[in-house]
Amino acid sequence: MKKMIKFLDLKSINLKYEKEFHDLLQTFLESGWYINGSMVEEFEDKFAKYCGAKHCIGVSNGLDALKLILRAYDIGPGDEVIVPANTYIATILAITQVGATPVFVEPDARTFNITLANIKLAITNKTKAVMVVHLYGRIVTEIEEIKDFCEKNALKLFEDAAQAHGAAINGRKAGSFGNAAAFSFYPGKNLGALGDAGAITTDDVNFAKKLIALRNYGSFVKYENLYQGYNNRLDEIQAAFLILKLKDLDEDNLIRNKLATIYLEEINNPLVTLPASSKSNENVWHVFPILVKERSKFIKYMKENGVETLIHYPIPPHKQKAYKEFNNLKLEVTEDIHENIVSLPISPVHTHEEITAIIKITNNYKF
Ligand SMILES: Cc1ncc(COP(=O)(O)O)c(C=O)c1O
């Protein structure tokens, strides 16, 4: 039987670290210190430098990172947060879980990301913040203009950078533009841990201090609680794995970029719409999304020909049963994307041969 080309092979991705992981686990066990220790500090220091931010605060996962940002800036009931309608539901969950209101705006149909023009249309006197999402690995093209706009209008700018570790524009990386940015290190991310993990980056020292307490029951000093905080800490062991993998992130992103370039140059099926191309590392290709007509037939066809695909995402947040209050919104660009989008395999362990095979199969698709 022909070997299936997997969408994502985490085992292969992590295999090259096997020996280092084993050694690390041994050191970790022997250390006797498992929470809030030197590994978390070292990772925070390295990741802040990597992103070009002054501070990094390790947390439990990406959703908690987003929630902590909103909570630390006192965003809550009565406040509106402008957010792209085309995102993973976690971005929206964070906003509603702090009691604020998400104001959904349409993305650009080719980059799939939020635009300044649509942000401007959504401003009201209740707007407190703009939450951009660097979706699928692509940094928001107008991030610098959006930053200027937010500063001029006294709005906070937050980045959901859960899918964009290392993406940069004009030499500046995701996570260094907003008042704060949230990262996820969910195993399948470009920088993936061996379980749940996340981080917040910021240049604001007071905000960073507040977050350090908020992630730890609201406490700086044991058993003294300044805030009604959470247990949202990053594990020492995950931090240690992340330190190891961070060394290879740029190289991994470069491989993703090379594979994406091949897809962009060689897929020529008129039934397929390719994502907009991008300069150097403006896109770290967390996924390679294409738009196809008759998506379910395409997915079945790809599977029959040995290629696993995934949909990011099949139902937009405003159409989810969990958000009945938004179900009547009509966001045509977003809904069109969700109806036709499908992701082709792309990762640092996919080979040139596999990508060439996927291109050939994609180009032969008809319905
Ligand atoms: C855009 C986006 N935001 C937030 C999150 C939440 O991250 P986590 O799964 O670590 O909670 C994800 C995770 O997939 C994501 O893709």
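Setting aside neighbours within four places in sequence, Phe104 touches quite a list of residues in this predicted model: Val83, Ala85, Ile92, Pro317, His318, Phe326, Leu329 and Leu331 are all in contact with Phe104. As for where Phe104 belongs, the residue is part of strand 3, which runs over residues 101-105. Phe104 counts as buried because its relative accessible area is 11%, and the cut-off for that label is under 20%.

Now for the ligand. The space that the ligand takes up is the largest pocket. Around the ligand there are 13 residues, and the ones that come nearest are Gly62, Asp160, Gln163, Ser184 and Lys189. Helix 4, made up of residues 62-72, supplies three residues to the shell around the ligand, which is the largest share.

With Gly62, a polar backbone atom is found 2.8 Å from an oxygen atom of the ligand. With Asp160, a polar side-chain atom is 2.7 Å from a ligand nitrogen atom. Ser184 also uses a polar side-chain atom, placed 2.7 Å from an oxygen atom of the ligand.

How values were computed
Residues numbered from 1 in each chain as written. Predicted model: local features only at pLDDT ≥ 70, side-chain atom pairs only at ≥ 80, totals over all residues. Heavy atoms only, no water. Helix = DSSP H or I, 4+ residues; strand = E, 2+ residues; numbered from the N terminus. Buried < 20%, exposed > 50% of the residue type's maximum accessible area, 1.4 Å probe, protein only. Contact = heavy atoms within 4.5 Å. Near = heavy atom within 4 Å. Polar contact = N/O pair within 3.5 Å; in protein donor to acceptor, adjacent residues only side chain to side chain. 1 Å grid on protein atoms, 1.4 Å probe; cavity = no way out; pocket = protein on both sides within 12 Å on 5 of 7 lines; lining within 4 Å. Sits in = over half its atoms within 2 Å of the grid points.
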